[in-house]
Protein chains: 2
Amino acid sequence: MMPVSTGVPHRVYGQSTSGNCHKVRLACDILKIPYRWHEVDIMEGTTRTPQYLAMNPNGKVPLLQVDDRTYLPESNAILCYLADGTHLWPGDRLARAQVLQWLFFEQYSHEPYIAVARFIKVFMKKHDDERMPNLLKRGYAALDVMEKQLEGRRYFVGATPTIADIALFAYTHCAADGGFELGRYPNVSGWLARCLDQPGVTPMPAQP
Amino acid sequence: MMPVSTGVPHRVYGQSTSGNCHKVRLACDILKIPYRWHEVDIMEGTTRTPQYLAMNPNGKVPLLQVDDRTYLPESNAILCYLADGTHLWPGDRLARAQVLQWLFFEQYSHEPYIAVARFIKVFMKKHDDERMPNLLKRGYAALDVMEKQLEGRRYFVGATPTIADIALFAYTHCAADGGFELGRYPNVSGWLARCLDQPGVTPMPAQP
């Protein structure tokens, strides 16, 4: 199935080196949804300007412009919106809930550790930050849960990729940037390779 | 519309004084879904036992037993599952994405501050914890975003309650436990009162 098209390309406000933003690019590229990328620099405070806060009062990227007056924030809600009615979003009630389970896992138990460790090392260029031991401990706990789920499974829910895989791919494929050793995780490493084999899936650009 | 019934009451593993768990109770009570509540004490380490980790490798509550072999974790994924096909989950694609937007907002920008502040004060009984100033700052930022969204709106998405309201009600109605002054937020306070007026909606039990 193809997603509903409004005729006008969506505008995506995002920072290309942010995993949360990269998720939106991946979903559009996989589903061949036309979009215009509007690059936003978080470090320059662009998301805290009155103009940006009028579009997203929570001041975060990514942000999807749905129409002239409607902006949708939250990367994983954007994934659900873009994938609605497509092969990336299961039709079965339980499978859909399981996809959501992994989307919430990603935002609560994975991103706050694995993405933040990367942010501290790559963007803040701090290598002795006092938060790192806890971030590594909690991030490895998330990778342990993923490794267990991928035992005997090719993707997180069902036999084919869903938006759960897109969401978890985003920060897992660059977890080494934050100091995580992915070599410890054969199931996760195999799954990352399978994700990268999908048409439309690209690694996130490196920080300039 | 009524939810799909499997004939056997769902078993819910949860701690009654946890807002994430209270969400599940509220959804079941509002939708008149039969359930058996299995009380779990997080502080006693029950969620870290091999038996519990076999049901939920991420070791968290709540957990919904869907059938003999299927367990669904993540409070907001459970809400989506229970509400699928009911009046609490919109049929419109954009409205559904907006409900999800607020569910992800709740887990990323609200719960880690407002629930954690309450946990430190009520459960750990620490009143001078060094994390409190940051938790209060970030929690108030979440309340600011909610106050703005509720300007001229009765509920978070559309004209009637959805699972977005249930999810945000859970830790907002007891935010004072963590030191937040809800009196500063007339829109949020009015919305909380409207939520409590709904059949099936009850406040969370106080910590014994």
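Residues are numbered from 1 along each chain as its sequence is written, while chains are lettered from A and ligands numbered from 1 in the order in which they are written. Because the model is predicted, local features need pLDDT of at least 70 and side-chain atom pairs count only at pLDDT 80 or more, whereas totals for chains, interfaces and linings use all residues.

**Stop 1: both chains**

**Stop 2: where the chains meet**

Now select the contacts (C-beta atoms, placed from the backbone, within 7 Å). Here 25 residues of chain B touch 24 residues of chain A. On the chain B side, β4 (70-73), α3 (75-83), α4 (93-123) and α5 (132-149) each bring at least two residues; helices here are DSSP runs of H or I, at least four residues, and strands are runs of E, at least two, numbered from the N terminus. α4(B) gives the most, with ten residues. The copies meet through the same surface, because 96% of the interface residues of chain B are also interface residues in chain A.

**Stop 3: I163(A)**

Go to helix α6 of chain A and click I163(A). Is this residue buried or exposed? I163(A) counts as buried because it has 28 C-beta neighbours inside 10 Å (buried takes 20 or more other C-beta atoms within 10 Å, exposed 12 or fewer, partly exposed in between, with C-beta atoms placed from the backbone). Leaving aside neighbours within four places in sequence, its contacts include A27(A), L79(A), W89(A) and L103(A). Show I30(A) as well: it is 133 residues away along the chain, yet the two C-alpha atoms are separated by 10 Å.

**Stop 4: helix α7 of chain A**

Finish with residues 186-196 of chain A, where V188(A), W191(A), L192(A) and C195(A) are buried. These four lie on the same side of α7(A), because they cover an arc of only 105° around the axis (taken from the directions from the helix axis to the C-beta atoms).

Terms used. Contact = placed C-beta atoms within 7 Å.
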